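Q: I'd like to learn how to read a structure feature by feature. Can we go through one together?

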Amino acid sequence: MTTRGVLYVHSAPRALCPHVEWAVAGVLGARVQLDWIRQPASPGTWRAEFSWQGETGTASKLASALRGWQMLRFEVTAEPCPTAEGERYSATPELGIFHAVTGIHGDILIPEDRLRAALARAAQGETVLEAEIARLLGKPWDDELEPFRYAGEGAPVRWLHQVV
């Protein structure tokens, strides 16, 4: 079963750009050339977007291939398909990698056991429940990546083909 998704490289030093392309090509099994543009949120870095199509699990393979570079900020999404939920991976140098399962409308689906564990930690005074839920939803990653999501002039435009 195949799915499709998008790789968003929010910021990468110029020297790392070809390595990102090679890593993505290695996962997809085909030559990849990304359209790099300057990232105004972090001078000296570049950004790119790439729509991909592949087998279920491709998003996790892309995230794994890219996760080792500390200077890289990225997100990988995969749409749900008949045999699998969607996925979203977010990575920043400061926070590391975040993974979420997403539903048909893009909502994050939090497994019951993770919610129970968050409730237990909050009940024991180890954490504040609101902070735990925010972390389960990826809020720290969203907060850090939000300035990088706006590319400024020259950003590629993605047209939506289906409205839900």
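This is a predicted model: local features need pLDDT of at least 70, side-chain atom pairs count only at pLDDT 80 or more; totals for chains, interfaces and linings use all residues.

**Reading the model piece by piece**

Q: Is T45 buried or exposed?
A: The label comes from relative accessible area: under 20% is buried, over 50% is exposed, and in between is partly exposed (1.4 Å probe, protein chains only). T45 has 12%, so T45 is buried.

Q: What does T45 touch?
A: A contact means heavy atoms within 4.5 Å. Setting aside neighbours within four places in sequence, T45 is in contact with S11, A12, P13, R38 and Q39. There's also a polar pair: a polar atom of the T45 side chain lies 2.6 Å from the backbone oxygen of S42.

Q: How do I read the sheet, and in what order do the strands come?
A: Strands of a sheet pair through backbone hydrogen bonds, either parallel or antiparallel. Two strands count as paired if DSSP finds at least two bridges between them. Here seven strands form an open sheet with antiparallel pairing, in the order β2-β3-β1-β4-β5-β6-β7. β2 (37-38) and β7 (108-109) are at the edges with a single partner strand each, so one side of each has no neighbour in the sheet.

Q: What packs on that sheet?
A: Helix α1 (residues 17-28) does, touching β1 and β3 (45-55). The direction of α1 makes about 5° with that of β3. For such angles, axes are lines fitted to C-alpha atoms, for helices over the stretch in contact, and the angle runs from 0 to 180 degrees between N-to-C directions.

Q: How many bridges tie β1 to β4?
A: Six: β1 (residues 2-13) and β4 (residues 73-78) pair in the antiparallel sense.

Q: Which strands pair with β5?
A: β4 and β5 run antiparallel, joined by five bridges, and A78 has E87 as its bridge partner in β5. β5 and strand β6 (residues 96-102) also run antiparallel, with seven bridges. E87 has V101 as its bridge partner in β6. A hairpin makes the link from β5 to β6 through three residues.

Q: What about the core, and which residues have the most contacts in it?
A: In soluble globular proteins, nonpolar side chains tend to be buried together. A nonpolar core is a set of buried Ala, Val, Leu, Ile, Met, Phe, Trp, Tyr and Cys residues joined through side-chain atoms within 4.5 Å. The largest one here has 25 residues, and V20, W36, L72, F74 and V76 have the most contacts inside it. Two or more residues come from each of β1, α1, β3, α2 (58-66), β4 and β5 (86-92). α1 gives the largest share, five residues.

Q: What does L72 touch?
A: Not counting residues up to four places away in sequence, L72 touches V9, S11, A12, L16, V20, L66, A91, T92 and P93.

Q: And where is C17 found?
A: C17 is in helix α1, and at 2% relative accessibility C17 counts as buried. Beyond its neighbours within four places in sequence, C17 is in contact with A12, W36 and W46.

Q: Where is W141 placed, and is W141 buried or exposed?
A: W141 is in helix α5 (residues 139-149), and at 3% relative accessibility W141 is buried. Outside four places in sequence, its contacts include S90, A91, T92 and F98.

Methods: Residues are numbered from 1 along each chain as its sequence is written. Side-chain values use heavy atoms; hydrogens and water are left out. Helices (H or I, at least four residues) and strands (E, at least two) are DSSP runs, numbered from the N terminus. A polar contact is a pair of N or O atoms within 3.5 Å; within protein, one must be able to donate a hydrogen and the other to accept it, and residues adjacent in sequence count only if both atoms are side-chain atoms.
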